[in-house]
Amino acid sequence: MTLSKYLLAAALVASLAGAASAAPYPHGTAPAAADLGDSAAVEANTLITVTVSLKLSNSDQLDPLVQALYTPGSPQYRQFLTPEQFRARFAPSAATIAAVSREFTAAGLKVTQTATAQLHVSGTAAQLEREFGVQLHTFQASATAETPAYVYRKPMSAPRLPGAVVDSVNAVLGLDTRPHLTPHLHAAAQRPGQSVPTPHQISNQTNTPDPPGQWTVIDYADYYDVNPLYRQGLSGEGHTLAIVTFASMTESDAYYYWNAIGLKVQSNRINVVNVDGGPGAPSDAGGSIETTIDTQQSGGLAPGSKIIIYQAPNTNQGFV
């Protein structure tokens, strides 16, 4: 699937419903959430912001362009567009943006353009219900052994766009604030009587006896012949790793791991960027362990690199 098809699929799967709040990921054994009633009454005058995704101009040219960018031998191979070039070629027209903005402003909603083809539209639950023809309900998910209790909102039917803008909009994201993505973290199986060592008990020497399941990045570099690259000075210095996640982490955990196995890294190499308010405090129930491992492993294999962690709410709106 090409990049543009993937992004379009993400928008279409969201249809006219999205999400926007920090919460634990859904668990299969969780009891049904309790319906607290109409969000207009529950949330009163609380401001809700949804993302309106607009259709691109010249969208028929996007798939061929992406294909050419990644096809060796193509004249456009790796000739990536700058943001300015992308906007000039694919941005919705100024007239389209103005027409959509007028529609929502006339309904008493606040409109801000936040990206080439995205608008943030803000209002109360009652205003959004009227504009999108839905009834929003607030739900309380009870605590389980795996997750704490949390509250979310969702429309009780598919939203409907006003006729004046229906042909200009791909999706409306943020009416539904349920968490959608789940971690895929698995613990290594332990042999009977085997204990998991602390980082200080793990050797940082090459040809380590550490068994699979207890490998550090030092072991990985040894077993997969990465050390010759390090000896050539290829440690990631001058480069930046970007991690996209929907669960925050405690930065000191990553530094503790690197220091414990003897890696020399810059003390300020991690930069955290909260997207759309971020996912909230670190939480194992929300998948923080997986984010921590992503950071430890990638940053450990490229110890000279800097790291930017882009963390967003675990929702369709946060994803987009």
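## Exposure classes

A residue is buried under 20% relative accessible area, exposed over 50%, and partly exposed in between. The model described here is predicted. Ala44 has a relative accessibility of 40%, so this residue counts as partly exposed.

## Two residues with positive phi

Ala44 sits in the loop between α2 and β2. Its phi is positive, at about 50°, although the residue is not a glycine.

Asp276 also has a positive phi, of about 55°, and is not a glycine either. Its place is the loop between β9 (270-274) and α10 (288-301).

## Salt bridges

How many salt bridges does the structure hold? There are 3. One of them joins Arg153 to Glu43, with 3.3 Å between the closest N and O atoms. Arg153 belongs to strand β6 (residues 150-155), while Glu43 lies in the loop between α2 (39-42) and β2 (48-54). The pair therefore ties together parts that are 110 residues apart in sequence. Are the two partners buried or exposed? Arg153 has 8% relative accessibility and is buried. Glu43 is buried too, at 16%.

Another salt bridge links the side chains of Glu84 and Arg87, with an N to O distance of 3.6 Å. Both residues lie in helix α4 (residues 83-90). They are 3 residues apart, so about one helical turn separates them. Arg87 is partly exposed, with a relative accessible area of 39%.

Arg178 and Asp176 also meet through their side chains. Here the N to O distance is 2.3 Å. Arg178 is partly exposed at 29% relative accessibility. Asp176 is buried at 4%.

## The open sheet

In what order do the strands of the open sheet stand? The order is β3-β4-β2-β7, with 4 strands and antiparallel pairing. The edges are β3 (110-115) and β7 (169-173). Each edge strand has a single partner, so one side of each is left without a neighbour in the sheet. From one strand to the next, the twist averages 25°. Strands of a sheet pair through backbone hydrogen bonds, either parallel or antiparallel.

Strand β4 (residues 118-123) is joined to β2 by 6 bridges. The two strands run antiparallel. Within β4, Leu119 is the bridge partner of Val52. Between β2 and β7 there are 4 bridges, again with antiparallel strands. Ser53 stands opposite Ala171 in β7. How many of the 7 residues of β2 are buried? The count is 6, and β2 is mostly covered.

## A nonpolar surface patch

Which residues make the nonpolar surface patch? They are Leu36, Val42 and Val151. The patch covers about 230 Å².

Val42 is part of helix α2. Its relative accessibility is 41%, which means that Val42 counts as partly exposed.

## A side-chain contact at Ser74

Ser74 lies in the loop between α3 (62-69) and α4. A polar atom of its side chain is 3.4 Å from the backbone oxygen of Ala68. The cut-off for a polar contact is 3.5 Å. Is Ser74 buried or exposed? Its relative accessibility is 19%, so Ser74 counts as buried.

Technical notes: Residues are numbered from 1 along each chain as its sequence is written. This is a predicted model: local features need pLDDT of at least 70, side-chain atom pairs count only at pLDDT 80 or more; totals for chains, interfaces and linings use all residues. Side-chain values use heavy atoms; hydrogens and water are left out. A salt bridge is a side-chain nitrogen of Lys or Arg within 4 Å of a carboxyl oxygen of Asp or Glu. Buried means under 20% relative accessible area, exposed over 50%, partly exposed in between (1.4 Å probe, protein chains only). Patches are made of residues with over 30% relative accessible area and no salt bridge: like charges are joined within 9 Å, nonpolar side chains (Val, Leu, Ile, Met, Phe, Trp, Tyr) within 5 Å. Accessible areas come from the Shrake-Rupley method with a 1.4 Å probe; for residues, only the protein chains shown count as cover. A polar contact is a pair of N or O atoms within 3.5 Å; within protein, one must be able to donate a hydrogen and the other to accept it, and residues adjacent in sequence count only if both atoms are side-chain atoms. Two strands pair if DSSP finds at least two bridges between them. Axes are lines fitted to C-alpha atoms, for helices over the stretch in contact, and angles run from 0 to 180 degrees between N-to-C directions.
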